[in-house]
Amino acid sequence: MYTAGVRILTTVTAAPAPDEWITGDAWIEPIASAESPSRAQIDRVTFAAGARTAWHRHPLGQTLVVIDGTGLVQRRGGPVEAIRVGDAVRIEPGEWHWHGAAPGTAMTHLAIEELPEDGSAAELGDPVTEAEYRSGEHSAETPITRTVLLDQSLAAPQELHGVEIRRITIAPGCAAGLHVHNTPVFGNIERGSVIYQIEGEAPAALGPGDVFYEPKDVRIARFDAQDDGVTFLGYFLLNAGQTAEIEFPTT
């Protein structure tokens, strides 16, 4: 099929990119090839996580449009920049650059360029070193992430007056024992590990980053530090004039 001088390839197969051009694994799938009088060429290029091109330059420049994943691009003398879905990057004629996937995710982009009338090809330079590549590792990270770890309703409406936060450490192998709080308690593990169990429910192993909820007036059967001990933050929700208290039932 021919459209405006560009031959659209209706049956295309992705082929491995040439080894001398790539560190890691990448595949090239031609989308449109130049057909006189047009000299436009479009390829879909997929990079495995951590893969990237060598330094190179195009006689008439190149435009990259990211369609999946997160990638990195660097122009000679400039910083490594993160590129994400929807980003379009213009590489100027003769500008040395490289591009590829971020360390932890694959990336696919469209590579759009005009081929020179004299048939000259892109010029290949040196491979991108690990130090060059890793200098942009953090630029691919999302600056701010928000993750809901716990969305907990309280057992009954409570007129919250304040929150007391305690950092609590339990020695290795020490069991806190059966206990009851007079106020709702939320917590998150900072270091170590613990076996946590509300009476009548299944026990759970908690480690760094895990959160837990101890309801008011509910028996907590286990809060047993493991061999590495445990340190956690406890958030005690208090009514006006209330003091956080803990009871250790004997039966």
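Which element gives the largest share of the lining of the largest pocket? That element is strand E6, with four residues. The model described here is predicted.

**Largest pocket**
- The volume of the largest pocket is about 450 Å³.
- Its lining consists of 24 residues, and those nearest the centre are Ile28, Asp43, His58, Gln62 and Glu113.
- Strand E6 spans residues 40-47 and strand E13 spans 107-114, and each of them supplies at least two residues of this lining.
- Sorted by class, the lining of the largest pocket has 13 nonpolar residues, nine polar ones and two charged ones.

**Second largest pocket**
- The second largest pocket holds about 250 Å³ of space.
- Around it are 16 lining residues, of which Ile168, His179, His181, Phe232 and Ile246 lie nearest the centre.
- Two or more residues of this lining come from each of E15, strand E19 (211-214) and strand E20 (220-238).
- The lining of the second largest pocket divides into 11 nonpolar, two polar and three charged residues.

- Ile165 belongs to strand E15, which covers residues 162-170.
- Is Ile165 buried or exposed? Ile165 counts as exposed because its relative accessibility is 52%, and the cut-off for exposed is over 50%.

Note on methods
Residues numbered from 1 in each chain as written. Predicted model: local features only at pLDDT ≥ 70, side-chain atom pairs only at ≥ 80, totals over all residues. Heavy atoms only, no water. Buried < 20%, exposed > 50% of the residue type's maximum accessible area, 1.4 Å probe, protein only. 1 Å grid on protein atoms, 1.4 Å probe; cavity = no way out; pocket = protein on both sides within 12 Å on 5 of 7 lines; lining within 4 Å. Points joined across faces, edges and corners; volume = space filled by probe spheres on them. Nonpolar A, V, L, I, M, F, W, Y, C, P; charged D, E, K, R; others polar.
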